[in-house]
Amino acid sequence: MIEATGLTKRYGSKVAVDHMTFTVAPGKVTGFLGPNGAGKSTTMRMIVGLDRPTSGSVTVNGRRYAEHSAPLHEVGTLLDAKAVHTGRSAYNHLLAQAATHGIGRKRVQEVIEMTGLDAVARKRVGGFSLGMGQRLGIASALLGDPQTLILDEPVNGLDPEGVLWVRNLVQYLARQGRTVFLSSHLMSEMAVTADHIIVVGRGRLIADAPVAEIVARAAGTTVRVRTPQAGALEELVRGPEVTVTSAEPGLIEITGSTAPAIGEAAAAAGIVLHELTPLHGSLEDAYMQLTADSVEYHSSDVGQPAAPATAPSPTTPGATSSATEGAVR
Amino acid sequence: MTTLSPTADPSTSRNRPRAGAPDRLGVTFPRVVASEWIKFRTVRAAAWTLPITALLMVGLAFLSAWGTSQLPADGDFMTPSAATLVTNGWLLAQLAVAVLAVLTITGEYGTGMVRSTFAANPKRLASLGAKALVLAVTVAATSAIALALAWLAVQPFASDLDLALDLADGETVRILLGTVLYLATIAVFAFAIGALLRHSAGAIAVVVGLLLVVDQVLPNLPLRFFEVTSPFLPSVAGTRLLYDADTLALIDAGRDTVNLTPWEGYGVLALWTVLLLVAAAVLVRRRDA
């Protein structure tokens, strides 16, 4: 259980984390999602006492991290894969970490096997790939068999096999009743890994809800309509709450209304519809929508129309299957 | 990278009590010392600098004994005492020691290791103390062994130079013990500067500058302020422990400023070291890692 209250970190005039209040509950995987520079890593560093909050507080299992007499048994942390002396072997790194808590060589060997580092454990960490570094960081986090795990971008640099391994591992750990808090900027990964998601942007908490709820919330009310009388329909439904975009002749997307309302309006006006499809959002859309205003580093679009943030994609499974072909009268 | 076992139980088969149970000591100072000892001996800095330290001590003792033996017997030279001859490698050895000391802490900041260290021991000060302790003990042990080897190395000239270490003689004991103590203290001194600056190159430059340049330059500036204060510079004061009475008299001749006794001088160096270490401790606790 991680509880943050009004957590704030300021670097000079720049606010990295801005009054964040959230709870990470045991028994599920909680994703910490946000664009680069959103304050995810800073928040995680404050949880384990590496950075000092400007104001606010955060506790793990009821106490500040530094107040635990055996912190590695409480919280396992992967902050970044490079928090290791490059001149030391993986085995010796783990051995030194273990020694602070009187954890024996047997457990060191166990976490090495568990993370698949056997072959490179005696090699100096400086020569490790990013993926091996991540595995070492995860091994280090598991050393104390902690009840809470905090993993900052654990799948960064892992091959597909490794990504799958991390996903299964964190879900397995959560099922055991542990608290798992992992950050990522990869929505697709979060969608399949996390049960609950905390979305941040520019240091602020944007959303804190179960994955399904976040996706549902962002699904919005966009409806795709195919009609030979697009112009007429557009005139008909356009209003202060309703926006209409046209992708190609005879195909429009209406946001702010519902499929039944559009269908009825079309029927009343005698407009023929060839397709009437409510579009469901993906986590990716939800995320883009939520963080559209809070991206720290904007990149210019390359060969793409601007503002993709409000365009839900029909590629989500189940979206097109609900298509209704309708011709009225 | 083939052992992928997502279903392996991380809690293993052993029945562990919940965290915080009474049989768990958690982080204790001896455990932090054990951890720092593992860290100290598993990077290459120590494996290089400690043998170099010993080599410099032995080599310089041998060279100066040989050099002294080549002097014409009837010349009016001040022949060094046996203790001075055996210990005079300190001048170069202290540089190797200082580099090791700085790297002990800046290596952690430079690589990011310090975050792992402070995650395992969030109270931090024990880690700093344990590092300093491991460093001081190792440097002292290396110096002591190096002195013994240096004594063996000058044996070929023992009869020529009438060399004899009289361990009942206060000054001999002071110089031998003093060399060990001085090098260990310089190590902690340099370590504290490393902890303050957190940057290898910067800290090494500052320490070497303090040990060699400042101590050589400031006392010779023709300004009263420097004349009065320079006896209290860290290494000017500390090295008084390493000179025999004749050399001290030679250094002090013609100076009207304070002349510290050998142990007073060492006390001044120790005070500098403690002050820097306290400053480092305060900052290490306060700064983000």
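Predicted model: local features only at pLDDT ≥ 70, side-chain atom pairs only at ≥ 80, totals over all residues.

Colleague: Where is Glu108(B) placed?

Modeller: Glu108(B) is in helix 4 of chain B, residues 90-111.

Colleague: And what does Glu108(B) touch, leaving out residues up to four places away in sequence?

Modeller: Its contacts are His85(A), Met113(B), Val114(B) and Thr117(B).

Colleague: New topic. Which parts of chain B does UniProt annotate as "transmembrane region"?

Modeller: The unreviewed UniProt entry gives that annotation to residues 45-69, 89-111, 132-153, 173-193, 200-218 and 265-284 of chain B.

Colleague: What is the chain doing over residues 132-153 of chain B?

Modeller: That span is 100% helix and 0% strand. Its end C-alpha atoms are 31 Å apart. Residues 200-218 of chain B are 95% helix and 0% strand, with end C-alpha atoms 25 Å apart.

Colleague: Which residues touch the most other members of the largest nonpolar core?

Modeller: Ala61(B), Val102(B), Ala187(B) and Phe191(B), in a core of 162 residues. Helix 8 of chain B, residues 170-197, supplies the largest share of this core, 17 residues. There is also a second, separate core of 13 residues, including Ile262(A) and Leu273(A).

Colleague: Back to Val102(B). What does Val102(B) touch, not counting residues up to four places away?

Modeller: Among them are Phe191(B), Ala203(B), Ile204(B) and Val207(B).

Colleague: Now chain A. How many residues of helix 5 of chain A are buried?

Modeller: 11 of its 13 residues, so that helix is mostly covered. The buried ones include Met132(A), Arg135(A) and Leu142(A).

Colleague: What do the buried residues of helix 5 of chain A pack against?

Modeller: In chain A, they pack against strand 5, helix 3, helix 4 and strand 6. They also pack against helix 5 (113-120) of chain B. Helix 5 of chain A covers residues 130-142 and reaches 18 Å from its first C-alpha to its last, close to the 18 Å expected.

Colleague: Why is strand 7 of chain A called largely enclosed?

Modeller: Because six of the six residues in strand 7 of chain A (179-184) are buried. Thr179(A), Phe181(A) and Ser183(A) point one way, while Val180(A), Leu182(A) and Ser184(A) point the other. In a regular strand the side chains alternate between the two faces of the sheet.

Colleague: Which residue stands opposite Phe181(A) from strand 3 of chain A?

Modeller: Thr30(A) stands opposite Phe181(A). Strand 3 and strand 7 of chain A run parallel, joined by five bridges. Strand 6 of chain A also runs parallel to strand 7 of chain A, again with five bridges. Ile150(A) stands opposite Phe181(A) too.

Colleague: Last one. What is the strand order in the open sheet of four strands in chain A?

Modeller: The order is 11-12-10-13, with antiparallel pairing. The edge strands are strand 11 and strand 13 of chain A, each pairing on one side only. The twist averages 20° from one strand to the next. Strand 10 and strand 12 of chain A pair over five bridges, and Thr222(A) has Thr255(A) as its bridge partner. Helix 10 of chain A lies across strand 10, strand 12 and strand 13 of chain A.

Methods. Residues numbered from 1 in each chain as written. Chains lettered and ligands numbered in written order. UniProt positions renumbered as here; feature names shortened; annotations may be inferred. Helix = DSSP H or I, 4+ residues; strand = E, 2+ residues; numbered from the N terminus. Pairing = 2+ DSSP bridges. Axes fitted to C-alpha atoms, helices over the stretch in contact; angles between N-to-C directions. Contact = placed C-beta atoms within 7 Å. Core = buried A, V, L, I, M, F, W, Y, C linked by C-beta atoms within 7 Å. Buried ≥ 20, exposed ≤ 12 C-beta atoms within 10 Å, placed from the backbone. Expected span 1.5 Å × (residues − 1).
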